[in-house]
Amino acid sequence: MIVTLPDQQLLEALTAHTPADQLGVELRIWDWNSPVRDVLGDEADDVAATVVPYFRPAPAWRSLADLPGLRLVQAQSAGYDNLLHIVPDGVALANARGVHEASTAELAVGLMLAAQRELPRWARERRWQSASTRALADSRVLIVGTGAIGEAIRARLAPFEVEITRVATTARDDEHGHIHGIDELPQLLPHADIVVLIVPLTDATRGLIGTEELALMPDDALLVNMARGPVVDTDAITAEVVAGRLRMASDVFDPEPLPDDYPLWQADNAFISPHIGGNTTAMRPRMVRLLAEQLPRLTDGREFMFVVKS
């Protein structure tokens, strides 16, 4: 039984953590840049699982039809909307839950702090000038999305003495208090100083924040997008930010990469990071631990972890 990994570095890190004989599978390298049979030949018949490359540009995802024994496609990302269309029926797709929560949450908080305290301004101006800035403390923060990353953001924001309101698909209560339903968003937006988006990209969330929703946000409010670019209407948020009415701090955009001449690059109220939320030194060790737990399940009969499609 064979599992393909996208690069030699991941293979070496995985086998250093857990010897191959303990994983119960054979490991091969397939980077998805060439047809799998060009790389593995007849061994492609024995591939039971493949690990997807992480954020490596490619003209198109390779077809998986040449892997007749495929049972599992393992993503290295938390998001998986770009993989749903390539996973054959009957094959499990698992995301990398537990790998990116901490890094993405710390970037979300970092973007909020940078925007509130105007940190890029001081780096840009390089001169001593006393000024009063917005505080994160006492801000009203609306977190839209209560999955694992949304919870990680909530937990990291709690010590900053902010007022947190949470939104999910449906209203409910948990150990941290009440969670509002997404249908309540129009009533909640006018009372938020900071709106954080951390939802998966689905038909329901595409364009979730558009012209009408942005118009409901108070003047000078901050929109933080840690979800996917298409969750926000790019033209609508650009108009608000360039006009100076709203601010944004975003790690994701539509399109990506954001064109060099796009107006947001020159907007003082825009804080941009190039989709680096989970791409930190914490990623590979956590991904290795996930694979060390996931891959033996191919042979020992246990269910796969973090399956998002089967």
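In what order do the six strands of the open sheet with mixed pairing stand? Reading across that sheet, the order is E2-E1-E3-E4-E5-E14. Welcome to this structure, which is a predicted model. A second open sheet, built from eight strands, also has mixed pairing.

**The six-stranded sheet**

- Six strands make up this open sheet, and their pairing is mixed.
- Strand E2 (26–29) and strand E14 (307–309) are at the edges with a single partner strand each, so one side of each has no neighbour in the sheet.
- From one strand to the next, the twist averages 30°.
- Strand E5 (residues 92–94) and E14 run antiparallel and are joined by two bridges.
- Leu-93 has Lys-309 of E14 as its bridge partner.

- Helix H10 (residues 283–294) lies across E1, E3, strand E4 (72–74) and E5.
- Relative to E4, H10 runs at about 165°.

**Where H1 meets H10**

- These two helices also pack against each other, at an angle of about 60° and with their axes 9 Å apart.
- Their crossing is right-handed.
- On the H1 side, the residues that meet H10 are Gln-9, Leu-10, Ala-13, Leu-14 and His-17.
- On the H10 side, the residues are Arg-284, Val-288, Arg-289, Leu-291 and Ala-292.
- By class, the contact of H1 with H10 holds six nonpolar, two polar and two charged residues.

**The eight-stranded sheet**

- Across this open sheet, the strands come in the order E8-E9-E7-E6-E10-E11-E12-E13.
- Strand E8 (172–174) and strand E13 (270–272) are its edge strands, and each pairs on one side only.
- On average, neighbouring strands of this sheet are turned by 20° against each other, direction ignored.
- Strand E6 (residues 140–144) and strand E10 (residues 194–197) run parallel, joined by four bridges.
- Ile-143 has Val-196 of E10 as its bridge partner.

**Where H4 meets H6**

- Helix H4 (residues 101–117) packs with helix H6 (residues 148–157) at an angle of about 50°, and their axes are 8 Å apart.
- That angle makes H4 oblique to H6.
- The crossing in which H4 passes H6 is right-handed.
- From H4, the contact takes in Glu-101, Ala-102, Thr-104, Ala-105, Glu-106, Ala-108, Val-109 and Met-112.
- From H6, the contact takes in Ala-148, Ile-149, Ala-152, Ile-153, Arg-156 and Leu-157.
- Sorted by class, the contact of H4 with H6 has ten nonpolar residues, one polar residue and three charged residues.

**A loop residue: Ala-135**

- Ala-135 is found in the loop between helix H5 (119–125) and E6.
- Leaving aside residues up to four places away in sequence, Ala-135 touches Gln-116 and Arg-117.
- Ala-135 and Gly-181 are 46 residues apart in sequence, and from C-alpha to C-alpha they are 28 Å apart in space.

Terms used. Residues are numbered from 1 along each chain as its sequence is written. This is a predicted model: local features need pLDDT of at least 70, side-chain atom pairs count only at pLDDT 80 or more; totals for chains, interfaces and linings use all residues. Side-chain values use heavy atoms; hydrogens and water are left out. Axes are lines fitted to C-alpha atoms, for helices over the stretch in contact, and angles run from 0 to 180 degrees between N-to-C directions. Angles under 35 degrees count as roughly parallel, over 145 as roughly antiparallel, 65 to 115 as roughly perpendicular and the rest as oblique. A crossing is left-handed if the near helix is turned anticlockwise from the far one by less than a right angle, and right-handed if clockwise. Contact means heavy atoms within 4.5 Å. Ala, Val, Leu, Ile, Met, Phe, Trp, Tyr, Cys and Pro count as nonpolar, Asp, Glu, Lys and Arg as charged, and the others, Gly among them, as polar. Two strands pair if DSSP finds at least two bridges between them.
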